[in-house]
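Please look over the structure shown below.

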Amino acid sequence: MKSLFHVSGVALLALAMAGSAGAQSSPYPTADVHKLYQDLLGKINAIPLYDNHSHPGFADDTDVDAMAAPPDESSVLRLSDDNPEFVTAAKALFGYPYDDFKPEHAKWLADRKNAAKKSGSSAYFDQILDKLNVETCLANRAFMAPYLDTKRFQWVFFGDSFFYPFDNRDQTSSTPDMGVYIPLQEKMLARYKKQMGVEALPADLTGYEAFVRNTLADNQKRGGVAIKYEAAYFRSLYFSDPPRERAEAIYAKYHSGGVPSADDYRIFQDYIFRVMVDQAGKLKLPMHFHTAVGIGDYFSLRQGHVLNLENVLRDPRYHNTTFVLVHGGWPYEKEAALLTAVKNVYLDTSFQSELLYPSQFKDVLKQLLTLFPDKMMYGSDAFPFSDALGAEESFWLAAHTTRTALAGALAELVSERAITQEKAVELARLYLHDNAKKLYGNTGGAK
Ligand SMILES: [Zn+2]
């Protein structure tokens, strides 16, 4: 805007004359929008996907995530078992011969998946990606599985467990959901300690910081391309900036026992979080954050709001750290998109691509792609829901929703004369593949 106001009158006139009347944008699409949609959909289907966020794996593999579903989870309409789109997905991927998921029918699908699991071959999930034209897929898992091909699936490991080194009984008993989540964080921390040969918690904060930094570096050497935080499920995404002495005193007080007050625990977490932001910057390891509504009765929309991260994202000390707003902040996706104006902040649209129908997701994409199109990335959030409805069908649903919604959004923009068809295809490539390829192609992780 600033530059426009500073253009001289003569230059403005020249600009106005350079644009023909045909380039004037309109609030309504013209009659050619459906044909444009079909043309663009064909081109979009040919673009390989780079999936920024997923949980690939079989249904009984507890490493697909570092947390588990809370005891009493409500399902949104589209993700309930009886969504007929899952039948379409199973037909497309496996030639599923039935039109419903009655238990005797669903068994056909579960048997197939069990056979694939027994074979132990990494070809199975590669073939799923091939069928959906997915080139590369980030696998956000506690640990990788031997049945995933690391050339196609790249590991995104978890960082939340470092927040919970002390006696967690108050945290665990705070809600029924935390009763599920926190013991799993303790288990994750124990696995990291074993990995690093750390028997007991280090005697002082310096030792704990070294343990945290070394684990991040070691996970990167083991193929990790990013570090993920599900912190929004456990605490506020607002991280204060406490002095090291405060954290040091808290660590000294509780590392060998005693239950920290909620305030002490939070201050310690805020400090250790900033150690991880610093280390992630040094390692060139992008940080992923769950930024969207979450499951369970106790997920706080207010604490999980993406704007809580603003002080960290805009902090000049962290300009070398890359931040990725996973799930694009939904339902606060505009706020998330505006935060990607910061040069080291990106977002993905995973989960939205499963939760929202194409007509709804179309409007989201139409907005996002006209803001900072070099910062938006495709994502699925594919997850194994059950023996029959696996990550496979979930991959299909996200890819289908995204391609059709994207074709619709771009067709409208072209038809309304906002952008050219050529520009539309360029935006599609950036979002579906190129932005992510550029981002992870530059990370220091082993490939
Ligand atoms: Zn996820």
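Helices (H or I, at least four residues) and strands (E, at least two) are DSSP runs, numbered from the N terminus. This is a predicted model, in which local features need pLDDT of at least 70, side-chain atom pairs count only at pLDDT 80 or more, and totals for chains, interfaces and linings use all residues. Residues are numbered from 1 along each chain as its sequence is written, and side-chain values use heavy atoms, with hydrogens and water left out.

**Confidence**
- The protein has a mean pLDDT (the predictor's confidence in each residue, from 0 to 100) of 93, and 94% of its residues reach 70 or more.
- Residues 1-5 have pLDDT below 50, and this stretch has 1 contact in the model beyond near neighbours in sequence; contact means heavy atoms within 4.5 Å.
- Residues 7-21 also have pLDDT below 50, with 2 contacts beyond near neighbours in sequence.

**Zinc site**
- H53 (NE2), H55 (NE2) and D381 (OD) coordinate the zinc ion at 2.1 to 2.2 Å.
- Donors are N, O and S atoms within 2.8 Å of the metal (3.2 Å for Na, K and Ca); water is not among the atoms, so sites may look incomplete.
- Along the chain, the donors of the zinc ion follow the spacing H-x1-H-x325-D.
- H55, in the loop between β1 (49-54) and α4 (85-94), and D381, in the loop between β8 (376-377) and α17 (391-415), are 326 residues apart, and the pair links distant parts of the chain.
- H55 counts as buried because its relative accessibility is 3%; buried means under 20% relative accessible area, exposed over 50%, and partly exposed in between (1.4 Å probe, protein chains only).
- D381 is also buried, at 12% relative accessibility.

**H288 in strand β5**
- Strand β5 (residues 287-290) contains H288, which is buried at 0% relative accessibility.
- Leaving out residues up to four places away in sequence, H288 touches N52, L138, V156, A226, I227, K228, Y229, V324, V326 and Y440.

**Helix α10**
- In helix α10 (residues 244-254), the buried residues are A247, I250, Y251 and Y254.
- These residues lie on the same side of α10 because they cover an arc of only 100 degrees around the axis, the arc being that of the directions from the helix axis to the C-beta atoms.
- The buried residues of α10 pack against α9 (205-221) and α11 (262-283).
- Exposed residues E245 and K253 are on the face of α10 turned away from its buried side.

**A123 in helix α6**
- A123 is in helix α6 (residues 123-131) and is partly exposed, with a relative accessible area of 32%.
- A distance of 8.1 Å separates the C-alpha atoms of A123 and L148, which are 25 residues apart along the chain.
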